[in-house]
Amino acid sequence: MRTLKLGLALGAGGTKGAAHVGVMRVLDEEGIKIDAIAGTSIGALYGGTYAVGRSSQELDEGIRDCPKADLANFFRHRLKLRHNNRLARRFYEALAGQHIENLPMKYAATASDIGARRSVTITEGPMIDAIEASIAIPLIARPVSHQGRYLLDGGFWDSAPVDAAAELGADVIIAVELGHPYTLPTSLRGPASWLAEKLSRLPLDRTIAGVPFSISVAAQEVVPGRIAQVILRPITKQINGNSPFHMTDCMDAGAAAVRDALPAIRALLAGEPVPEVAAEYAPSARLGLSYQ
């Protein structure tokens, strides 16, 4: 009987996040139980909707059937799940009244504290509040006031929130990376930090507050977090993942990536050596980390 717990770390990536649904769908089809999900930005939205009990099949069908105008309206209404557009209503109906600490599986959303300029992990409170904070893209959405802080999109710090998944108790973590946090060239970091400081007095509750925050974070040195046991990078140059017209392609790419990694995933969950044919998906296995 399997005793190791499987966690997903679902990264940021806008419409490319449909890949997360492909990953979850294949794991469900293969009978591989997901014990915990940590998501940031779009990963928090899809991962959270799954964590409250909506099936990966429902999410899959929702992406395939979603009119492009609905997605455009969701962005036009500043990514608010409480707004009256059809896409927001779908997620609202799934998430309304749900609290993170009462979910059937462990879940965390990561966001950015724009006052302290650091990452925060939300593990309690209303799901809608946590997810609206995690998906609040600067200059599109206004910072979200949550638990005494002003929060924005969580995708500034890591390609996927692996540390948060580990904190949820996951022994084996699958990271789904759809891109990397942007950092400025070294030569521009000094001037950028100076500019961010000059703009730092902007009110934190205004949309414009995302400007100094984004500049400041891009001027920082990226500090790598924990390495996941399995890393999936499903979006290739052949897929225009930033286009709403390619969400189905992204979802199918996520499904294909996790199918290729299934031998590594099964071996890790069983506490067995990773097959050589699957070792490329399990970089930390080659570092000799313990999975016990």
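I began with the second largest pocket, which is lined by 18 residues, with Asp-158, Ser-159, Glu-177, Gly-225 and Arg-226 nearest its centre. A pocket here is, on a 1 Å grid over the protein atoms alone, an open set of points where a 1.4 Å probe fits, with protein on both sides within 12 Å along at least five of seven lines; lining residues have an atom within 4 Å of a point. I noted that the model is predicted, with local features needing pLDDT of at least 70 and side-chain atom pairs pLDDT 80 or more, while totals for chains, interfaces and linings use all residues. Numbering runs from 1 along each chain as its sequence is written, and side-chain values use heavy atoms, without hydrogens and water.

I read a volume of about 280 Å³ for the second largest pocket and about 930 Å³ for the largest. Volume is the space filled by probe spheres set on the points.

I then listed the lining of the largest pocket: 43 residues, with Gly-13, Gly-14, Thr-15, Ser-41 and Ile-42 nearest its centre.

Next I looked up aromatic pairs and found four. In one, Phe-74 and Phe-75 have ring centres 6.4 Å apart and planes at 80 degrees, so I logged the pair as edge-to-face. Rings of Phe, Tyr and Trp (its six-membered ring) pair if their centres lie within 6.5 Å, and planes over 60 degrees apart count as edge-to-face.

Phe-75 is partly exposed at 30%, the class between 20% and 50%.

I also recorded one aromatic cluster, formed by Phe-156, Trp-157 and Phe-213.

Conventions: Phe/Tyr/Trp six-rings, centres within 6.5 Å; stacked < 30°, edge-to-face > 60°. Buried < 20%, exposed > 50% of the residue type's maximum accessible area, 1.4 Å probe, protein only.
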